[in-house]
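Please look through the sequence and the model below.

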Amino acid sequence: MVYILDINNKPLMPSERHGHVRKLLREGRACVVCRTPFTIRLNYVTTSYVQEVSLGINAGTKHIGVSATTSQKELFASEVVLRSDITDLLSTRREQRRTRRNRLRYRKPRFNNRKRPEDWHAPSVQNRVDAHLKVISKVHKLLPVSKTTIEVAQFDTQKIKDPSVSGEEYQQGEQMGFWNVREYILARDGHKCQHCHGKSKDPILNVHHLESRKTGGNAPNNLITLCETCHKDYHKGKFELKIKRGTSLRDAAVMNIMRWAVYNQAREEFPDVHFTYGYITKNTRIRKGLEKSHAVDARCISGNPMSEPLGNYFLQKQIRRHNRQIHKANLLKGGRKKLNQAPYLVKGFRLFDKVLYNGIECFVFGRRASGSFDIRKLDGTKIHPGINYKKLKLLETRKTILTSKESRISSHA
């Protein structure tokens, strides 16, 4: 896909006519705005006919699945890897701050000098919320998105407590309510068999009723996760289960904070925003016989699970913007401090710049003052541990979200 903007930077429908796009660029009627994903801007006034484009967001704490579709075709697909170092960096900064203050003069403690706003979230949570909103905004700038749907939770805790809750999202089949409870049980048990704890290496998980369905029903305290091997062995009478379960939803509520914050803020920034639950997504994916991945889940969330998928997708990775720690925490001999910050440019390259080496697009993951660079692909594949900078060609300067095109959708557990 080549993504197209009009002369006022408003998104139009993308094009697969590469020959026509090359002709526009060659004649000066368009210019390149971005290399990955490849985006051009028209230099002349044109009609702005667009189709209905639905955006699905598979929100998560480690990955984001993104898919923009029409009723016939998928227009954009990506998987975003979020940062996981926020907590460690804040803990290091707190230790260094306390150590520094201990070396200074005594200061009277102050406890009421800060006030948090009502919508305050922990920095690690807020970073993820901001990343989700940034990803959604980038897709809105590429495509004329008319509807956005965000998965806010794996299961609906309100419907578990009150099965009589009704609404459009619950009117999707007689067994849909059990899929909600099933997804909660899998999340509660960590997606692991509670008898063998993964020793059977059977990837298929079943939700087992401790008492019969007629006696105990589908209440969470009557359900437990078993792999298919243990499930069959139990019904053959090979072992007995001696497991107690509670019904606390505290962990589920904590996990849902970030996703609901994304939905609430997205509703204020973008038009026509809706939400869905993970058990609906999973039910749709299994019924349609689709593979398991973040981008495929996002396609199900968009409402067009059977639209023609793209042959490739974009792998994106979030990185930190700046390294603000001036010195390393550990002192050298003689009490000397070692600098923790590298020069802004080393031989004309910055960390995480996209470069070209032997026809391979990769990123700078390490720099040395001698000009020897460590280059890798975005998925971590090592290309060369110490290539000379003269053999590299700069393609794109680094951004807070790195992007590379991949030829297949990666699976996840």
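Of the 413 residues in the protein chain, 42% count as buried, where buried means under 20% relative accessible area, exposed means over 50%, and partly exposed lies in between (1.4 Å probe, protein chains only). This is a predicted model, in which local features need pLDDT of at least 70 and side-chain atom pairs count only at pLDDT 80 or more, while totals for chains, interfaces and linings use all residues. Residues are numbered from 1 along each chain as its sequence is written, and side-chain values use heavy atoms, with hydrogens and water left out.

The secondary structure comes to 10 helices and 17 strands; helices (H or I, at least four residues) and strands (E, at least two) are DSSP runs, numbered from the N terminus. Among contacts (heavy atoms within 4.5 Å) between residues at least 6 apart in sequence, 63% join residues at least 24 apart. The accessible surface of the protein chain is about 24800 Å², and 48% of this surface belongs to carbon and sulfur atoms. Such areas come from the Shrake-Rupley method with a 1.4 Å probe; for residues, only the protein chains shown count as cover.

Turn now to helix α7. Its buried residues are Cys 230, His 231 and Asp 233. These residues lie on the same side of α7, because they cover an arc of only 165 degrees around the axis; the arc is that of the directions from the helix axis to the C-beta atoms. The cover over the buried residues of α7 includes β8 (205–209) and β9 (223–227). Just after α7, Gly 237 takes a positive phi of about 80 degrees.

Glu 228 is partly exposed at 23% relative accessibility, and Lys 232 is partly exposed at 47%.

By this rule the model has 12 salt bridges. Another of them joins Glu 16 and Lys 73, whose closest N and O atoms are 3.0 Å apart. This pair links distant parts of the chain: Glu 16 sits in the loop between β1 (3–5) and α1 (18–26), and Lys 73 in the loop between β5 (63–69) and β6 (74–81), 57 residues apart. Glu 16 is partly exposed at 47%, as is Lys 73 at 28%. Asp 374 and Arg 376 also form a salt bridge, at 2.9 Å from N to O. Here Asp 374 is buried, at 12% relative accessible area, whereas Arg 376 is partly exposed at 25%.

The last stop is an open sheet of five strands, in the order β15-β14-β13-β12-β16 with antiparallel pairing; two strands pair if DSSP finds at least two bridges between them. β15 (382–388) and β16 (393–396) stand at the edges with a single partner strand each, so one side of each has no neighbour in the sheet. Neighbouring strands of this sheet are turned by 45 degrees against each other on average, direction ignored. Axes here are lines fitted to C-alpha atoms, for helices over the stretch in contact, and angles run from 0 to 180 degrees between N-to-C directions. Within the sheet, β12 (residues 354–357) and β13 (residues 360–367) pair in the antiparallel sense over four bridges. Lys 354 stands opposite Phe 363 in β13.

Definitions and conventions:
Salt bridge = Lys/Arg side-chain N within 4 Å of Asp/Glu carboxyl O.
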